[in-house]
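Here is a short briefing to read alongside the sequence and the 3D structure. Keep both in view while going through the points.

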Amino acid sequence: MNTLKLLILLSACFLVSCAPINNNDQANNLGDNVMHHDAHTYSNVEEIRTDHLHLELEVNFENNTVYGVARHEMGEHNTDTAIFDIKELEIKKVTLGKGKEESTDFVIGNNNELLGQSLKVKIKPDTKYINIYYQTTDKTEALDWLEPELTAGKKHPYMYTQGQAILTRSWIPLQDTPMNRITYSADVKVPSDLIAVMSASNPKKKNNTGEYHFEMKQKIPAYLIALAVGDMTYTPFSDNCGVYSEPELADACAYEFVDLPKMIETAENMYGEYRWDQYDIVMLPYSFPFGGMENPRLTFANPTILAGDRSMVSVIAHELAHSWSGNLVTNATWNDFWLNEGFTVYFENRIMEEIYGKETADILAIIEYQDLEVALEDIENGDHPEDTQLKLQLDHRNPDDGMTDIAYVKGAFFLRTLEHLVGRDKFDAFLTSYFDEHAFETITTEDFVKYLDSHLLEPNNIAFDANEWIYQPGVPDNCIKISSKRLDNMKTVAQALNNGEDVFNNALKDVERGDYITQEWMTFIRSLSNSTSPEQMKKIDEQLKFSSEANPAIKSAWFQLAIQTGYQDIRPEMQAYLNLVGRRWYIEGIYQELRDSKHQGDLVWAKEVFAGAQKNYHFVSKSTIEDVLYSEN
Ligand code: BES
Ligand code: ZN
């Protein structure tokens, strides 16, 4: 019998003898005496948990592979099995101990397309250190490996990770649930012409060894472990904040994010001290699937926010706000995702109001409400109409399904409605103590509702049906209304155009795109009729240069309308855009319009374009667009 067979046999015996492990239905009792439950992990965190993780990583660009050792320091326990999450990883060996290591048996469970596999490691009651030796594969979903052509400088390759929601397990074997918080450290080796940065303490300068050490001393959930490797320089804004970018983008970043120190100060004045010491941004390539990602100490950002006029800085306000909502107080499971995003959108808007004024903040909130209305309609007509509730039921589903404007915008409007009812002072005091009392903890929706009752509603004698917002579909009637004259004006111009009036010699006479901000143009475009003629579309485009020169946010809205109206002249521009931009929310709508289009050939064209563009997308966007174009409904 060869050793592999022996190992399998031994492991099988060991499994039979150990306590039953029921991964998906385990109830965990963590903090606050509330029964928690995370259906998206195999790990047995209720029995044994990682306290600290030390990573030894080698990032190899020859074969696009990360070679790693994940050294887990476990808390006290009384179990003979530690279960970790893995996905498409090659596990080479597992050892126990520090300094002197001995191999131990492990079993890898069946592969689930969504959750990956369980890695069950045999341990002893006194086991404190578990070391997992592994390497990533070409199916590793968290990692995006970019050829030099896809970077700004076009000379060096680039690699970055995306962990949220459950992709960290595809590049690190760990307990991949937000219910556990860990500190981490890392020793990372990269090619000596590149620099590595992580969601941790970071080097300010490239060295010539290619070896970097990182420490994250605050406890974080696994989805916030992140790494980016490329040719980067650091531009500081102050002692504790700055931006990493390819040298080619340094000036644009310095211009766009000049208000960063002010944002941090504003946020601290509102909801208490920034507890992560440093706040930096790393500007990634265009393939990054999000506008921003709140990796602690180091927000990951997409170059689509470099609008050139600072009109997209609310994305940074958003990621910064996550330093309180999400990173400090974290959703316990992905069903509670609105606690991360709804609070963050609310907080983001408050930062924007403080720095840029109420008019700007209201404009942003209205754009979001426009998005919410579209999302509500889509969800109500889809397979899961119950997804318009804030608290979700995503067990056996992809947690990504919860990333809709319900969590973001309905969540934020819930908090705005509350604020309006109790008054800003009381509401701010409530949020400050909420962040303070739950700092570095995870929280469920149920915990939050209790806290809301006991700390805001009851003391102030306020009757408010929070359950209607949280557990019922749709948006309650008591939702506050926000209006903006500037956006109403854009709607009026669009409607005049829809009514066949000659706006080109009137409201739009001599108007240039720079005369209005991005959100005004988006409202204008969204208010144009989908029966606008291709000739009219062309005329608008000639004057305002939406297809050729506008920023990615405007282009995304314009291309969607172009598809609806059959304005096909701009296909080359649209294709160039779809080849460049990998930010999911900016391309998903375009592919959806092409799929649903009544104009012949649009779907075929979309598939052709996607076939060429998909290598420029991260797995997250690629799989979403595959679903859009190829799934059956
Ligand atoms: N944390 C999210 C991104 C995310 C959510 C990644 C769920 C994976 C799963 C991030 O903070 C975010 O919300 N980004 C938005 C920013 C916008 C709302 C200002 C984005 O990318 O568009
Ligand atoms: Zn967010």
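Is His-318 buried or exposed? His-318 is buried, because its relative accessible area is 9%, and a residue counts as buried under 20%. The model is predicted. The points below start at the metal site and then move to the helices, the core and a sheet.

**Zinc site**
- The zinc ion (ligand 2) is coordinated by NE2 of His-318, NE2 of His-322 and OE atoms of Glu-341, at 2.0 to 2.7 Å.
- Along the chain, the donors of this zinc ion (ligand 2) are spaced as H-x3-H-x18-E.
- The site has 6 donor atoms, and the angles among them run from 53 to 160°, an irregular arrangement.
- For comparison, ideal angles for six octahedral donors are 90 or 180 degrees.
- His-322 is also buried, with a relative accessible area of 0%.

**Helix α4**
- Helix α4 spans residues 314–321 and is mostly covered, with 8 of its 8 residues buried.
- Among the buried residues of α4 are His-318, Glu-319 and Ser-314, along with Val-315, Ile-316 and Leu-320.

**Helix α13**
- In helix α13 (residues 534–544), the buried residues are Met-537, Ile-540, Asp-541 and Leu-544.
- These residues lie on the same side of α13, because they cover an arc of only 100° around the axis.
- An α-helix has 3.6 residues a turn, so residues three or four places apart point the same way.
- Glu-535 and Glu-542 are exposed on the other side of α13.

**Nonpolar core**
- The largest nonpolar core has 197 residues, and those touching the most other members are Met-198, Ile-225, Phe-414, Phe-448, Phe-524 and Tyr-591.
- Beyond its neighbours within four places in sequence, Phe-448 is in contact with residues including Trp-338, Phe-343, Phe-414 and Tyr-434.
- In soluble globular proteins, nonpolar side chains tend to be buried together.

**An open sheet**
- An open sheet is formed by 5 strands in the order β17-β18-β19-β21-β20, with mixed pairing.
- The edges are β17 (233–238) and β20 (292–293); each has a single partner strand, so one side of each lacks a neighbour in the sheet.
- Within the sheet, β19 (residues 279–283) pairs with β21 (residues 298–301) in the parallel sense over 4 bridges.
- Asp-280 stands opposite Leu-298 in β21.

Conventions
Residues numbered from 1 in each chain as written. Chains lettered and ligands numbered in written order. Predicted model: local features only at pLDDT ≥ 70, side-chain atom pairs only at ≥ 80, totals over all residues. Heavy atoms only, no water. Donors = N, O, S within 2.8 Å, 3.2 Å for Na, K, Ca; no water. Tetrahedral: all angles 85-135°; square planar, octahedral: opposite > 155°, others 65-115°. Buried < 20%, exposed > 50% of the residue type's maximum accessible area, 1.4 Å probe, protein only. Core = buried A, V, L, I, M, F, W, Y, C linked by side-chain atoms within 4.5 Å. Contact = heavy atoms within 4.5 Å. Helix = DSSP H or I, 4+ residues; strand = E, 2+ residues; numbered from the N terminus. Arc of directions from axis to C-beta. Pairing = 2+ DSSP bridges.
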